Amino acid sequence: MSVVVVGAGLAGLTAATELAARGIEVTVLEARDRVGGRTHGIEVAPGQWADAGAAYLGARHTELKSLIARLGLATVPTTMEGRSRFSVGGGPQTVDGRFPPLNAIALGGLFEQLDEVTKAVRQDAPWLTADAERLDRLTAAEWIERQVPHPDARLFFPLFLGEMMAADPADVSVLHMAFYLCSGGGIRYLNAFQGGAQEERVDGGAHRLSELLAAKLGDRVLLGHPVRAVEQTGDRLRVHSDRGVHEGEAVVVALPPLLADTIEYRPGLPVPRSSQATGRGCAVKVQLVYPEPLWREHGLSGWSVSSDGPLLSTVDDSPPGGVGILTGFVTGSEARSFAALDGPSARQAVLDQTRRLFPQLPDPIGYHVTDWISDEYSRGCYAALFGPGDWLTAGPHLTTPHGGVHWAGTETSTEFFGLMEGAIRSGRRAAEEITGS
Amino acid sequence: MSTDGTVDGVVGIFRRVLESDRVQPDSDFFELGGDSLLATRVLSAIAREFGPELTLADIIDAPSPLALAKLIEGVAA
């Protein structure tokens, strides 16, 4: 048997690896000149890497942890020791711990409401949630407007949603917000570093996972092969890329929904994988490099939250014993306006902000921007944003094979949707569908 | 409400927020896995159910249902 896999991110490479292990002939077609999809490494200093894409994991990410172990990679703990900096309505201030200096009861009320709607969702089949139609029609922006009156909670909500799922509240339905938070383990788990989804990073960068998987697959992975069409005749499938035609008895399309819909399927899909309401995950990642983690000398953790942007939050992502890396997250609507700036203006906006936020620090010696919104072959990050109508229309079909075409990618996993863990689980599921085991 | 009633109420809030049946009147919120996000939910629930608006500093200083109940009664008195 032979299978063509479209996309060499974690999902596609996992599917290909599983299929190859069962003696199936696989070919992986990748549009880019690199593997890894929404994981990507930047070498910020010789031998020292920053994660420009997906980076974090926690103990519940069991498939990812076992893959890391199998590949002989290690993890490093994220560090969150010291005080935080906040600029949330008013000038920057230093605060103990990670919690913003906003009305705690108002924020607690917001989290109570989020927890309630998160617990109400049917994680395995969100479209079957009680009241699904109403929750699928309503945007998260409309929801907060109706449910949460306190200005501090309203100020914090877009920051929280941006951090959790790279979404502006107007971009996602309440059903998708609730599903995403549920799928990732609930708001506490998704939000937490220690004991949560940001507990560790992959030593050397998360892109190493895909690089090592691809190395084992060898010449079965073809870079620079963007796929344009998938054609089925009888039991044969023909995959048309810019570099030729590849045949197989099954195909795994391991792409985000918006990208999967750029492929022409013959016969056509009964239901498209995305709609006009489906948005690109709005994330731009900025990495600031310092000779060492200088903020630690000032008792700071590197963690900051700012409502005035462009970096809505910063995290210490420094490799142990190496340079200092502050990763800045620009998400939601802020990411859209930041991505529209020209390079020098964007850099100046970041420098102006870091000088205000961390006046103790010199300007960084390195500056790297990764814009996932504009990226042709990802079309957003962390994941597709399901807008009003999407879960009820496309949701029930996300994993349904189209003849010999099977679907993978983190958006096809109801467990840990949007995360590396979801991608790996989806790749395994697609491989099991094909082999029947 | 009696102090016992308040303690029971706070135990109930802890159990719901921590998703744990192990909460006792003298349990430490943070030792049972509580963090600042969950602590704000407790503060919100206390304000809703009992009235007093406590702070994060209060729950750090008085992390058990027993201690928080005393605080609530003190504020309410």
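Hi everyone, let me start with helix H6 of chain A: three residues, the largest share of the lining of the largest cavity, come from H6(A). Before I go on, this is a predicted model, where local features need pLDDT of at least 70 and side-chain atom pairs count only at pLDDT 80 or more, while totals for chains, interfaces and linings use all residues. Residues are numbered from 1 along each chain as its sequence is written, chains are lettered from A and ligands numbered from 1 in the order in which they are written, and side-chain values use heavy atoms, with hydrogens and water left out.

Helices (H or I, at least four residues) and strands (E, at least two) are DSSP runs, numbered from the N terminus.

So, that cavity. On a 1 Å grid over the protein atoms alone, a cavity is a set of points where a 1.4 Å probe fits but cannot get out; a pocket is an open set with protein on both sides within 12 Å along at least five of seven lines; and lining residues have an atom within 4 Å of a point. Points are joined across faces, edges and corners, and a volume is the space filled by probe spheres set on them.

How many cavities of 30 Å³ or more does a search of the whole structure find? Three. The largest cavity holds about 50 Å³ of space. Its lining is A:Leu159, A:Gly162, A:Glu163, A:Val305, A:Leu312, A:Ser313, A:Phe329 and A:Thr331. H6 and strand E19 (324-331) of chain A are the elements giving two or more residues to it. Domain 2 (41-54 + 77-82 + 195-203 + 282-371) and domain 3 (103-189) of chain A each contribute at least three residues to this lining; the domain bounds come from an automatic or database domain assignment.

Now to H6(A) itself. Its 15 residues, 151-165, should span 21 Å at 1.5 Å a residue, and the end C-alpha atoms are 22 Å apart, which agrees. The expected span here is 1.5 Å times one less than the number of residues. Where is the kink of about 25° in H6(A)? Look at A:Phe157, shortly before the proline A:Pro158. The bend is the angle between axes fitted to the seven residues ending at a residue and the seven starting there.

Among the buried residues of H6(A) are A:Phe156, A:Phe157, A:Phe160 and A:Met164. Buried means under 20% relative accessible area, exposed over 50%, and partly exposed in between (1.4 Å probe, protein chains only).

Of its 34 lining residues, A:Gly97, A:Arg98, A:Phe99, B:Asp35 and B:Ser36 are the closest to its centre. Elements supplying at least two residues each include H6 of chain A and helix H2 (36-50) of chain B. This pocket lies between domain 2 and domain 3 of chain A, because both give residues to its lining.

Last, some backbone spots to check on your screen. The peptide bond from A:Arg266 to A:Pro267 is cis, with omega near -5°. Another cis bond joins A:Cys381 and A:Tyr382, with omega about 15°. Two non-glycines have positive phi: A:Asp131, at about 70°, and A:Phe416, at about 55°. Are they buried or exposed? A:Asp131 is partly exposed, at 42% relative accessible area, whereas A:Phe416 counts as buried, at 9%. Thanks, everyone!
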